[in-house]
Amino acid sequence: MARLIAVAVVSVVLMTVDHRAQHLEALRSVLSTLVYPLQVAVDLPIQAGNWVAENFSSRQRLVSDNARLRENQFLLDAKLEKLADLEAENRRLRNLLDSSAKVGERVLVAELLSVDMDPYSRRIVLNKGARDGVEVGQSLIDSNGVMGQVVHVAPFSSNALLITDPSHALPVQNHRSGLRSLAVGIGPLNQLELAHLPNNADVRIGDVLVTSGLGGRFPAGYPVGRIVKVERNRGRPFATVTVQPSARLERNREVLLVWPAQPDEASDTMPTHAESAE
Amino acid sequence: MNTTRTGYIAVTLSLVVALMLTALPMPAWAALWRPAWVALVLIYWCMAAPAYTGVVMGWVLGLFLDVLAGTLLGQHALALALVAFVAHRFHRQVRVLPIWQQAVSVFGLVFLYQVLNLWITGIQGMPVLASAYWSSPLISMLLWPWVYIVLRDLRRRYQVA
């Protein structure tokens with residue numbers, strides 16, 4: 001009985017400290033390293049399955065894949081050339097205006113180790129950690145848009161919070177009207193909501209949202225999602241705006257970790273607090 | 001009630017397998033129905049070989065589960081410590097029961113574990129689905145006979161307790 005009470009008190013203290021402050025990162029990092037082999041062992045059969053599927057796919061499919069990818073590459077190259085030109089022009093103009101340009105972000109490809117064990121939170125574990133230079137607060141993207149941000153880093157792995165997690169908020173900007181708002185995660189569903197938008201706000205179904213870069217956490221200009229539903233209730237102060245994330249949050253295995261071009265000062269604050277201070 | 005080295009190895013290995021089963025990726029619709037593997041294995045050893053287990057062991061196991069699940073440090077630890085305490089206290093009464101009555105007690109223990117976990121999740125302001133209170137205990141209860149048989153064979157082979 002005495003032991004149970006002691007253990008319960010320690011648990012409550014641990015939980016409080018873990019929730020309020022970030023002092024337990026070291027302990028979490030040690031324990032994460034200990035469970036890392038387990039996560040790899042669980043992931044191994046899935047990796048093996050993928051490997052087998054890739055190795056035994058027919059030659060014809062590989063040839064057609066190759067042709068398609070080559071064509072894609074050609075198109076992207078053409079676009080990239082145009083983009084490089086625009087980027088140079090942008091830099092020139094910014095120099096004229098005396099404002100700093102934020103281009104040339106560094107990226108790293110990471111793979112998912114495991115996903116949402118807890119049905120209430122949207123977290124993932126990645127196979128890159130402090131050893132690869134991953135930092136807390138880094139943003140996570142895929143080829144379609146923003147996915148989330150890194151919240152814990154261990155030597156060999158890291159934990160990331162997806163943008164649909166109920167404790168996550170991210171500053172966005174409407175691409176059409178320029179209206180700024182916060183996209184808040186609502187939990188189990190693959191949806192986001194725009195917080196605190198008045199009923200007469202200029203939002204329409206189909207509007208594209210991009211990151212505004214205002215929190216200092218996410219780089220600006222990455223697509224976040226598309227507005228799929230706008231409900232304006234006369235009786236309520238705010239409109240309910242539902243957004244479908246453009247990143248394939250539930251279907252990806254590979255993700256990109258982005259380092260901002262300029263290191264930000266706000267990286268040691270709590271993720272939610274940093275992002276909600278719009 | 002002497003403990004042996006092979007006994008400790010068998011207990012530890014079964015708990016590691018339980019942790020791995022917990023980390024196994026599952027489709028989104030099945031996430032609510034994930035059995036509480038670690039709690040099940042812990043309950044078995046508390047009943048069948050109480051000399052090997054205890055409150056502190058449940059607590060440490062819970063810390064690993066917290067790191068694996070990305071929850072607050074101490075959340076699963078507190079719940080598993082309580083489960084270990086109750087299972088330990090009533091092991092003499094429960095282990096003589098027929099297997100289906102044991103399963104009912106397992107339902108109660110896993111329900112206790114789940115309620116504590118969901119309360120702590122709720123205190124943090126996360127939304128909690130009402131069906132989560134009974135889905136995991138129910139599936140754990142239905143799985144108990146199989147867990148019991150597998151672990152009993154393991155216990156006999158390595159002569160734990």
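Predicted model: local features only at pLDDT ≥ 70, side-chain atom pairs only at ≥ 80, totals over all residues.
## Chain A at a glance

Chain A holds four helices and 12 strands. Of its 278 residues, 32% count as buried. If we take the contacts in chain A between residues at least 6 apart in sequence, 60% of them join residues at least 24 apart.

## Where chain A meets chain B

The contact between the two chains draws 32 residues from chain A and 35 residues from chain B. On the chain B side, at least two residues each come from helix H1 (5–23), helix H3 (55–69), helix H4 (75–89) and helix H6 (99–123). H3(B) gives the largest share of that side, eight residues.

What kinds of residue does chain B bring to the side that touches chain A? By class, there are 28 nonpolar and seven polar residues, with no charged ones.

## Helix H1 of chain A

Helix H1 of chain A runs over residues 2–20, and its 19 residues should span 27 Å at 1.5 Å a residue.

Now for its two faces. The buried residues of H1(A) are Leu4(A), Val7(A), Ser11(A), Leu14(A), Met15(A) and Asp18(A). Looking down the axis of H1(A), you will find these buried residues within an arc of 100°, so they line one face of the helix. Turned away from the buried side is a face with the exposed residues Ala2(A), Ile5(A), Val9(A), Val13(A), Thr16(A) and Arg20(A).

## A buried loop residue: Val134(A)

Val134(A) sits in the loop between strand S2 (123–126) and strand S3 (139–141) of chain A. Is Val134(A) buried or exposed? Val134(A) is buried, because 20 other C-beta atoms lie within 10 Å, and 20 or more is the cut-off for that label.

Leaving aside residues up to four places away in sequence, Val134(A) touches Lys128(A), Gly129(A), Val150(A), Val153(A), Ser158(A) and Leu257(A). Ser29(A) is 105 residues from Val134(A) along the chain, and their C-alpha atoms are separated by 13 Å.

## A positive phi: His196(A)

Most residues other than glycine have a negative phi. His196(A), though not a glycine, has a positive phi near 55°. His196(A) belongs to strand S8 (residues 192–198) of chain A. His196(A) counts as exposed because it has 12 other C-beta atoms within 10 Å, and the label applies at 12 or fewer.

Notes:
Residues numbered from 1 in each chain as written. Chains lettered and ligands numbered in written order. Contact = placed C-beta atoms within 7 Å. Nonpolar A, V, L, I, M, F, W, Y, C, P; charged D, E, K, R; others polar. Expected span 1.5 Å × (residues − 1). Arc of directions from axis to C-beta.
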